[in-house]
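Subject: Structure for you to look at

Hello,

Here is the structure I promised to pass on. Please open it alongside these notes.

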Amino acid sequence: MKIKISSIIKTIAFLCVTLVCVFAATVVLRSKESEYKYKSFFEKSDQIDVLFMGSSHVINALNPAVLYEKHGITSYNMGGHGSIMQATYWELIEALQYCNPKCVVVDSFMLQKNYQYLDEMDESYSDADRQSSISQLHLNMDCWPLDKLKIAIVKDLIKDPEIQKQFLADFYVYHNRWEELDSNDYKTLFGHADKNNLFGAEMRYGIELTPGIYPAPEDKNGLGGHTIGEEYLRKIIDECQRRGIDIYVTFLTCSATTDDKRAIDSAQIICDQYGVPFINMQEMGVVDLYTDLNDTGHMNALGAIKATECIGDIIAESGDLPDHRGDPAYSDWEKSAEAFRSSIVDKELNSSSIYQQLDYLTESDVSTILYINDGSQAFGDNQMQRLIHNFTVTPTIYHTDGPYIMINDVASGKVYEASGQEVLDGVSTSIGTLHYIPVEHLFRLLYADEDPDTNYLYDDSKLDYDIQIITYDNETGEVLSHNYYKSYGSNYTKG
């Protein structure tokens, strides 16, 4: 009898250990992208007043940290890479199981997509397109628990039962991730995995210098008929109105193709039918195609600041969204806003390219001195000239062969320029009272009355660098960075 009891206890213990190991392996091997994106959603679901819904256009364009900084409104970016309207609809339904937002903002990009299943699409798509779409869906699906709703969602989006298993049983698709594991995978076991500190948003920091410009459609009839995308946009609006949630439909700025513009017209038609606001940012002039895009389809962080502030201004007018700034219970939102602003300042001080640095310096967190020596190929670079002109109210940069200097002193709110043999004398800045004199090709004087021995534009070791960007603190005048660039056509080497 004792032997039997002992055997039973050992068997039970073995099974328990086995189950724990299987569970641990499942947790560790699961891809962490979805958990990373939505961990803060589950932690802060009771504090979320606004949901941003849509594709990667939304992920990169609407920043909850900016909305909180500007208006004190809490939000979560639910956008998914490649998310078609039906995926966006179902994600909204999932999210509403956990939070009660006062407002939903849904983007209408992808409205023209007229297929039901991601694994079928239509004949215009390749197998690679289908596989990419399936893979992208994991970001927005893996975080939700397996229940009747998730099963219904998977069956609505995926037709092939074998592919459905990827979303209904994580271990089915992630069991071979052993070689990809890193420390974050193991942190998950103890609840310490990394999380998205921008509440679902993902910022991009590049700059698209040559966005595509496409003609408008010949009529305003939209997509010309019913699409599945339109059907699910209607479902999203219906669901929000049924629940008493304010809804705004957007089309966020990108290099919109003619088909995209037809979708814009359809979105406008649908919004008019339902009596909901349509924010067509494509025509509002808020986001600059030449400075605020990361690539032709997505905004960079500067575009996101402008887009988020614009939408924040619109939804804040309703008066129904509380301002949580200063409330200790919302300190995580405050920290997120501060961290994001810090990331922008980092780009202003030391960027990977001169285009990027000039672009981010327009945020004016710091003051700027830009000097370009005569003979620099920057004077024939239209993109460079456009970026510099964003600081100034004059077209000087378009009509000079150099030398050229521009001082953007944020504390005084003034911008100073000089070109050719022009001097700047007694310019009052937070760095001091500055004087600029173009003595000769390799020797330019820029000094402050308070420190006449320091020539900010001269460095023996950098004589062959024709561009300098100096940043300084808006209040103290402390020099924060001094970057040198050498021009080769439209290529610039940082020294």
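This is a predicted model: local features need pLDDT of at least 70, side-chain atom pairs count only at pLDDT 80 or more; totals for chains, interfaces and linings use all residues.

Next, surface charge. A negative patch on the surface brings together Asp 425, Asp 449, Glu 450, Asp 451 and Asp 453. Asp 425 belongs to strand 11 (residues 424–429). Its relative accessibility is 62%, so Asp 425 counts as exposed; the cut-off for that is over 50%.

Now the salt bridges. The whole structure has 20 of them.

Lys 102 and Asp 49: their side chains form a salt bridge at 3.2 Å, N to O. Lys 102 is in the loop between helix 5 (85–95) and strand 3 (103–107), while Asp 49 is in the loop between helix 2 (33–43) and strand 1 (50–53), so the bridge ties together parts 53 residues apart in sequence. Lys 102 is partly exposed, at 36% relative accessible area. Asp 49 is buried, at 5%.

Asp 374 and Arg 444: the closest N and O atoms of this salt bridge are 2.6 Å apart. The pair links distant parts of the chain, 70 residues apart. Asp 374 is in the loop between strand 8 (367–372) and helix 16 (382–389), and Arg 444 is in strand 13 (residues 443–448). Arg 444 counts as buried, at 5% relative accessibility.

Asp 464 and Lys 486: here the closest N and O atoms of the salt bridge are 3.0 Å apart. Asp 464 lies in the loop between strand 13 and strand 14 (467–472), and Lys 486 lies in strand 15 (residues 479–488), so parts 22 residues apart in sequence are tied together. Asp 464 counts as partly exposed, at 47% relative accessibility. Lys 486 counts as buried, at 17%, because the limit for buried is under 20%.

Best wishes

Conventions:
Residues are numbered from 1 along each chain as its sequence is written. Side-chain values use heavy atoms; hydrogens and water are left out. Patches are made of residues with over 30% relative accessible area and no salt bridge: like charges are joined within 9 Å, nonpolar side chains (Val, Leu, Ile, Met, Phe, Trp, Tyr) within 5 Å. Accessible areas come from the Shrake-Rupley method with a 1.4 Å probe; for residues, only the protein chains shown count as cover. A salt bridge is a side-chain nitrogen of Lys or Arg within 4 Å of a carboxyl oxygen of Asp or Glu. Lys and Arg count as positive and Asp and Glu as negative; His and the chain ends are not counted. The place of a charge is taken as NZ of Lys, CZ of Arg, CG of Asp or CD of Glu. Helices (H or I, at least four residues) and strands (E, at least two) are DSSP runs, numbered from the N terminus. Buried means under 20% relative accessible area, exposed over 50%, partly exposed in between (1.4 Å probe, protein chains only).
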